[in-house]
Amino acid sequence: MKRQRKAQRVHVGYEASDSEKGEGAEPLKVPVWEPQNWQQQLANIRAMRSKKDAPVDQLGAEHCYDPSAPPKVRRYQVLLSLMLSSQTRDQVTAGAMQRLRARGLSADTILQMDDDTLGELIYPVGFWRSKVKYIKQTSAILQQRYAGDIPASVAELVALPGVGPKMAHLAMAVAWGTVSGIAVDTHVHRIANRLKWTKKTTKSPEATRVALEEWLPRGLWSEINGLLVGFGQQTCLPARPRCHTCLNQTLCPAAQGL
């Protein structure tokens, strides 16, 4: 005789019809992936960053522009500081911005400046020769299309020479006061992967941004860049992270292998 197969219970989610819906009916919920212990990890990082004494806290893009300049000039200076900051320590970026501001930093003054002078003023920022070219090209576009101001959308910002997604999202936040997305640089990219804040390992900062935005509550998007950048500058270093002083030592997957 053939054995009877044991019936398996199958759970099926469906949307109730209008006749089935009542006041007590719950809407169909789609489960969203989120990393384990992320809220406690975030709370610990906030505690470690409570002093706000990392380089980014004093020398980040929001500290490099002239607050007394006209609004469109301030916004231009924010974008320029972000262009200079790529592959460059905050201290070096801040020094370059001080030298440029001493010349009256605006799209006009940059376009009137010769390449050699601009190079001398921004040196030793990373890839300074390429940045001279990008700054001149971008300044010309801003002057021609935006009257020396910067565009107010991510799509227009990333279309500018030398401007990437991280810079665009930070420019939107700092210059325009708009949260358009999570700004992910090498620090955020590294830490998100160490903490397993991405569903799978990501290979680039842009891939990390997409992965984080899938689950991280939007209300935290504006905070996460400065929080993790400073944490990466002080504790979660690229090489030899200071796990022994980190409050997340027992919660961090990467720390378990060290």
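Which residues of the largest nonpolar core touch the most other members? This tour reaches them after a view of the whole chain.

**Before selecting anything**

The model is predicted: local features need pLDDT of at least 70, side-chain atom pairs count only at pLDDT 80 or more, and totals for chains, interfaces and linings use all residues. Residues are numbered from 1 along each chain as its sequence is written, and side-chain values use heavy atoms, with hydrogens and water left out.

**The whole chain**

Display the protein as a cartoon. The secondary structure comprises 12 helices and 0 strands; helices are DSSP runs of H or I with at least four residues, strands are runs of E with at least two, and both are numbered from the N terminus. Of the 258 residues, 44% count as buried. Buried means under 20% relative accessible area, exposed over 50%, and partly exposed in between, with a 1.4 Å probe and protein chains only. Among contacts with a separation of 6 or more, 62% join residues 24 or more positions apart; a contact means heavy atoms within 4.5 Å.

**The largest nonpolar core**

Select Tyr76, Leu79, Leu100 and Leu157. Of the 37 residues in the largest nonpolar core, these touch the most other members. Such a core is a set of buried Ala, Val, Leu, Ile, Met, Phe, Trp, Tyr and Cys residues joined through side-chain atoms within 4.5 Å. The elements that give two or more residues to this core are helix 3 (71-85), helix 4 (90-101), helix 5 (107-112), helix 6 (115-122), helix 7 (128-146) and helix 9. Helix 3 supplies the largest share, 7 residues. A second, separate core has 27 residues, including Leu42, Val56, Val184 and Cys246.

Now centre the view on tyrosine 76. Leaving aside neighbours within four places in sequence, its contacts include Leu105, Ile110, Ile135, Leu142 and Ile150.

**Helix 4**

Select helix 4. Its 12 residues reach 16 Å from the first C-alpha to the last, close to the 16 Å expected at 1.5 Å a residue; the expected span is 1.5 Å times one less than the number of residues. Among its buried residues are Asp90, Val92, Met97 and Leu100. The buried residues of helix 4 pack against helix 2, helix 3, helix 5, helix 6 and helix 12.

**The tryptophan cluster**

Next, show the side chains of Trp33, Trp38, Trp197 and Trp215, which form one aromatic cluster. Rings of Phe, Tyr and Trp (its six-membered ring) pair if their centres lie within 6.5 Å; planes under 30 degrees apart count as stacked, over 60 as edge-to-face and the rest as tilted. The count comes to 4 aromatic pairs. In one of them, tryptophan 38 and tryptophan 215 are edge-to-face, at 5.0 Å centre to centre with 70 degrees between the planes. Tryptophan 38 is in helix 1 and tryptophan 215 in the loop between helix 11 and helix 12, 177 residues apart. Both tryptophan 38 and tryptophan 215 are buried.

The ring planes of tryptophan 197 and tryptophan 215 stand at 85 degrees with centres 5.9 Å apart, so this pair is edge-to-face. Tryptophan 197 is also buried.

**Helix 12**

Finally, select residues 221-234. The 14 residues of helix 12 should span 20 Å at 1.5 Å a residue, and the end C-alpha atoms are 21 Å apart, which agrees. Its buried residues include Trp221, Ile224, Leu228 and Phe231. Among the elements covering the buried residues of helix 12 are helix 1 (38-48), helix 9 (165-176) and helix 11 (205-213).
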